[in-house]
Amino acid sequence: MPDRPEIVCICGSTRFVEELSAANRNLTFAGVIVLAPGVFLSAEDREAGESISEEQKTALDALHLRKIDLADRVLVVNPGGYIGESTSREIAYARATGKPVSFTDPS
């Protein structure tokens, strides 16, 4: 028996907030420590002109790589097989550091 719960880092486009939240919930109920994106802009935020600056995005991207460092494995939430630029970079990083990577939609 391990001395701590498994740690999983969830990666995926923040446009899939509901799917990311569902994966987080399911893993948490399964006894997993979940590391996930921490900032989501709602449709209402975007309509109101809210955005994340390039500086903030760069900092958030770097922070997410550190979350991958802490994880035992990575779960990519990719409805319909969608994988964007940032998620592709995170997958490459995870693989380069030897982290197992799985997908919610293997297509």
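How many helices and strands does the chain have? Some notes on that and on the packing follow.

1. Ground rules. This is a predicted model, where local features need pLDDT of at least 70 and side-chain atom pairs count only at pLDDT 80 or more, while totals for chains, interfaces and linings use all residues. Residues are numbered from 1 along each chain as its sequence is written, and side-chain values use heavy atoms, with hydrogens and water left out.

2. Overall layout. There are 4 helices and 4 strands in the chain, taking helices (H or I, at least four residues) and strands (E, at least two) as DSSP runs numbered from the N terminus. Going along the sequence, you get β-α-β-α-α-β-α-β.

3. Of the 107 residues in the chain, 31% are buried (under 20% relative accessible area, with exposed being over 50% and partly exposed in between, using a 1.4 Å probe and protein chains only). Taking contact as heavy atoms within 4.5 Å, residues 24 or more positions apart account for 76% of the contacts with a separation of 6 or more.

4. The main core. In soluble globular proteins, nonpolar side chains tend to be buried together. Here the largest nonpolar core has 11 residues, including Ile7, Leu35, Ile68, Val76 and Val101; a core is a set of buried Ala, Val, Leu, Ile, Met, Phe, Trp, Tyr and Cys residues joined through side-chain atoms within 4.5 Å. At least two residues of this core come from each of β1 (7–11), β3 (73–76) and α4, and β1 gives the most, with 3. Another core lies apart from this one, with 10 residues, among them Ile10, Leu20, Ala23 and Val77.

5. A closer look at Ile7. Ignoring neighbours within four places in sequence, Ile7 is in contact with Ile33, Leu35, Leu70, Ala71, Asp72 and Arg73.

6. The α3/α4 pair. The axes of helix α3 (residues 54–70) and helix α4 (residues 85–96) come within 10 Å and cross at roughly 30 degrees; axes are lines fitted to C-alpha atoms over the stretch in contact, with angles from 0 to 180 degrees between N-to-C directions. The two helices are therefore roughly parallel (angles under 35 degrees; over 145 is roughly antiparallel, 65 to 115 roughly perpendicular, the rest oblique). Residues making the contact include Lys57, Asp61 and His64 of α3 and Arg89, Glu90 and Tyr93 of α4.

7. Ser21. This residue sits in helix α1 (residues 17–29) and counts as partly exposed because its relative accessibility is 41%.
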